Amino acid sequence: MDPKISRRSFLKGTLAAAGVAGMSALPLPKSARAAGGQELATLIDIRKCIGCEACVEACKDVNAPKFPEPEKPYPKMYPSRVKVEDWSDKRYTSDRLTPYNWVFIQNATVKMNGEERTLHVPRRCMHCQNPPCADLCPWGAAFKLKNGITRINSDVCLGGSKCKDVCPWHIPQRQTGVGLYLDLMPAFAGNGVMYKCDRCYNRIEKGELPACIEICPENVQQIGPRDEIVKKAHQIAKEINGYIYGEKENGGTNTIYVSPVPFQELNRAIEKGPGKPHLKPVENTMEHADNLAKAMVIAPFAGIAAAVGKIYKTIKDTGSSEARHDENR
């Protein structure tokens, strides 16, 4: 038996016994539901996280209908430098970001008051206020909602990985064998679809909490209007003589961390690499003249491309529906 499945079953049973795993669709705080046009942000208090991975499992369960189901065998790509990225047989991986794992826990052993302590850091998309992934996607697949959530539309994404390249943390991950490229240009397009945390946008639309926030037994995260969240972050940082990450990184994000130790220490201590983002300072990438110019050039074409992609998807879905109807007659 896959040890990941055994561990997952054990964790679910433990959470259920504790009365936590019931996912009873707890409502968003009133301030978050009536944000007055403000973007929503989340506050992550690193001190509270115990590394139980309840958020990881809840994210997988709630978002499973959004996960890719690839078609095999995969088309051979030209040029060959566009590699196959297949996580479909490793979908229970939980120690990094993948198309099937949108949040994971980074562990950092640091010294606090002369003693070693391990801190746990939930990582996912930062949901930037001015996201380069959305501004620079040539296909218009990545976009930002008014409430501050950045999404990738899997129906129109061609998997070109531009969003991952321009993301300062290289968050989005690709799955081969799904998406429009199979119908349009199976040998020449981006070889799949990009996936990342969408902050349970569909739950938020219904006035419900994101799964990772609702399931957490330690109340590690809070969600609310960004001004309110930033204010709370500064209050906590002042109380504990702590540090903040995400308020100004990349020009400001909607994921705000508070830590009792400097983030450069956490960054030195965490394991970094593919699917395991850093915690370094990040300047505002969209202030660069070349990125601004690219965004201005791309924007109208990306809008047209996204519209064409949506029309194509609608026609394809209609055709599939009619075919199924004819088969059942």
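Contact here means heavy atoms within 4.5 Å. I'm working on a predicted model, where local features need pLDDT of at least 70, side-chain atom pairs count only at pLDDT 80 or more, and totals for chains, interfaces and linings use all residues. Residues are numbered from 1 along each chain as its sequence is written, and side-chain values use heavy atoms, with hydrogens and water left out.

**Gln173**

I looked up Gln173 and found it in strand 6, residues 173–175 (strands are DSSP E runs of at least two residues, numbered from the N terminus). Gln173 counts as buried because its relative accessibility is 1% (buried means under 20% relative accessible area, with a 1.4 Å probe and protein chains only). Its side chain reaches the backbone oxygen of His170 at 3.5 Å. Setting aside neighbours within four places in sequence, I get contacts from Gln173 to Arg96, Leu97, Thr98, Pro99, Lys164, Val193, Met194, Tyr195 and Gly275.

**Cores**

The largest has 68 residues, and Trp139, Trp169, Tyr245, Tyr257 and Leu266 have the most contacts inside it. Strand 2, residues 104–112, gives the most to this core, with five residues. Another core lies apart from it, with eight residues, including Ala41 and Val258.

**Cysteines**

How many disulfides does the structure hold? I count zero (the cut-off is a pair of cysteine sulfur atoms within 2.5 Å). The closest cysteine sulfur to that of Cys55 is in Cys49, at 6.3 Å, so it is too far for a bond. Cys128 is in no disulfide either, with the nearest cysteine sulfur, in Cys167, 6.3 Å away. Cys128 is buried, at 7% relative accessibility.

Terms used. Helix = DSSP H or I, 4+ residues; strand = E, 2+ residues; numbered from the N terminus. Buried < 20%, exposed > 50% of the residue type's maximum accessible area, 1.4 Å probe, protein only. Polar contact = N/O pair within 3.5 Å; in protein donor to acceptor, adjacent residues only side chain to side chain. Core = buried A, V, L, I, M, F, W, Y, C linked by side-chain atoms within 4.5 Å.
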